[in-house]
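With the model open in your viewer, follow the stops below in order, making each selection before reading on about what it contains.

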Amino acid sequence: MMSFTKGTKKKYKNTSYFSHDYIIANHGDIVSFIAMVIVIGLMFQVTAPVSKLFIMLQHNVTIRSNQASLQDTVNRVGTLYTAGYRDLLTCLFYTLIAIVIHAVVQEYIIDRLYKRLHFSKSQYGKVSEISQLLLFYLISFLWGSNIVYKERLLASISTLWTGYPHLYLSFWFKFYFICQICYWLHCFPELYFQRVSPSEMPERAQRYAINLLCIAGAYLLNLNRIAVVLLVLHYLAEIIFHCSRLLRLAGRRSEAWYGFALWDLVFVAVRLFSVALAGLTFALGLEKNSRDRISIREGNFNTKFIRLNCLAVVCLLQGYLMWNFITFHVRKARQFLETHTDVQQVVSHERCLTRSIGQDNKPSAARLSAVLEDRQSNSREPTAVKCTSGLNRCSELRQRRMVQ
């Protein structure tokens, strides 16, 4: 068996090419090699048609002479595309590209940021996840906002449902959805490549699956207009949230506090706007052109069953996010009240001790910091011990004073 000794920054002694350590340490190079083979296929006449299936967007539209409205759209945005089964090959290739970009960003941006800001080793996993998501959300928000502006989706609210089915997409509109699907697909192998702990894996996999299913479902049902608007709104709240988390990990607690306060407002507003837009689109707008049966050839899925299920998915998802938001703040409020109660107990006990021995009536800063550290570590036992010992000491001093 061949062994690996050189070629990477970390050297592993007697590590085979098929070991987990070698694959994880060099997964970016391995995946980039596979992608490079597909790209090189464009250079040869025999393999070029196959490579184009992976690299280029498929299902472009041929404009006929009787489709004057489509010709005007082509003159404005360029070539039009539709969704189809050959998009699976395109998604496969760009999933590989997403893995390569993830590895490059991790090595040349996040790792250097991690060393410059002097994060602890325990914070490395959080910093990596937050930074990757923040970069993705920021790019997706700017890209989606540009699509909303160029496609004039907010010129009138009725644009979200007028002319359904929205079969024909511009290049950047379709490529946006392809990249969204590929990003959430690549997150699943990254759970292995990033050595995510088994305790965190189910929660992350659930979040990735929800995003993937919602985006892919909207793309296949030709609900791309309402989907891109909802994504832009959702990503705006996520950008603020992850920026605040990163500031808190970097020690900028005052800036992080303002960021979380802004996120509280934006998060609730986004949830309300999302439910309102979904209700207008599925319950009122699309109902005007409702059909009894779906037509796969025409790409028309505007039936009552599909509309109600789409509206239910959006409302349930917004309700789920809102429930997590409320429970998070309730838990934080309880922790704050418990910490405040413990601090007040220690202050009263310290004052009792200082009165008995004739010192200044001031609590010990070391004792208060110990209480706060105990609360941060979610352990109440050390604080209880300190409070009990303070009461015992106070009673002993009182007894001595009475004897004297």
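Begin with the aromatic side chains of this predicted model, among which the structure holds 28 aromatic pairs. Phe175 counts as buried because its relative accessibility is 14%, under the 20% cut-off.

Trp184 is buried at 1% relative accessibility, and Tyr208 is buried at 6%. To see a cluster linked by ring pairs, select Tyr81, Phe93, Tyr94, Trp143, Phe171, Trp172, Phe173, Phe175, Tyr176, Phe177 and Tyr219.

Select residues 124–150, which form helix 6. At 1.5 Å a residue, these 27 residues should span 39 Å, and the end C-alpha atoms are 39 Å apart, which agrees. Within this stretch, residues 130–149 are 100% helix and 0% strand, with end C-alpha atoms 28 Å apart; the unreviewed UniProt entry annotates residues 130–149 as one of its transmembrane regions.

Just after helix 6, Arg152 takes a positive phi of about 55°. Continue to Thr159, which lies in the loop between helix 6 and strand 2 and is buried, with a relative accessible area of 18%. Leaving aside neighbours within four places in sequence, Thr159 is in contact with Arg152, Leu153, His166 and Arg225. Pro165 lies in the loop between helix 6 and strand 2 (169–170), and the peptide bond that joins Tyr164 to Pro165 is cis, with omega near 10°. Most residues other than glycine have a negative phi, and most peptide bonds are trans.

Now select residues 171–193, helix 7, whose 23 residues should span 33 Å at 1.5 Å a residue; the end C-alpha atoms are 32 Å apart, which agrees. Looking along helix 7, find the bend of about 30° at Cys187, with a proline, Pro189, following within four residues. The span 169–188, also annotated in the UniProt entry as a transmembrane region, is 90% helix and 10% strand, and its end C-alpha atoms lie 28 Å apart.

Beyond helix 7, select Arg195, in the loop between helix 7 and helix 8 (201–220). Phi of Arg195 is positive, near 55°, in a residue other than glycine. Is Arg195 buried or exposed? At 52% relative accessibility, Arg195 counts as exposed, because the cut-off for exposed is over 50%.

**Asn222 and helix 9**

Compare Asn222, found in the loop between helix 8 and helix 9, which has a positive phi of about 60° although it is not a glycine. Asn222 counts as buried, at 6% relative accessibility. Then select helix 9, residues 224–249: its 26 residues should span 38 Å at 1.5 Å a residue, and the end C-alpha atoms are 36 Å apart, which agrees. Helix 9 is mostly covered, as 20 of its 26 residues are buried, and it is followed by Gly251, whose phi is positive, near 90°.

**The nonpolar cores**

Which residues touch the most other members of the largest nonpolar core? They are Phe177, Trp184, Leu223, Val228, Tyr235 and Phe282, in a core of 69 residues. Helix 7 gives the most to this core, with 12 residues. Apart from this core lies another, of 10 residues, among them Phe260, Val266, Phe267 and Val270. Return to Tyr235 and display its surroundings: not counting residues up to four places away in sequence, Tyr235 touches Phe136, Tyr137, Ser140, Phe141, Tyr176, Gln180, Trp184 and Ile215.

**A last selection**

Finish at Phe33, placed in helix 2 (residues 27–40), which counts as exposed at 55% relative accessibility. Draw a distance from Phe33 to Val100: the two are 67 residues apart in sequence and 9.8 Å apart in space, C-alpha to C-alpha.

Key. Residues are numbered from 1 along each chain as its sequence is written. This is a predicted model: local features need pLDDT of at least 70, side-chain atom pairs count only at pLDDT 80 or more; totals for chains, interfaces and linings use all residues. Side-chain values use heavy atoms; hydrogens and water are left out. Helices (H or I, at least four residues) and strands (E, at least two) are DSSP runs, numbered from the N terminus. The expected span of a helix is 1.5 Å times one less than its number of residues. The bend at a residue is the angle between axes fitted to the seven residues ending there and the seven starting there. Buried means under 20% relative accessible area, exposed over 50%, partly exposed in between (1.4 Å probe, protein chains only). A nonpolar core is a set of buried Ala, Val, Leu, Ile, Met, Phe, Trp, Tyr and Cys residues joined through side-chain atoms within 4.5 Å. Contact means heavy atoms within 4.5 Å. UniProt positions are given in the numbering used here, feature names are shortened, and annotations may be inferred rather than shown by experiment. Rings of Phe, Tyr and Trp (its six-membered ring) pair if their centres lie within 6.5 Å; planes under 30 degrees apart count as stacked, over 60 as edge-to-face and the rest as tilted.
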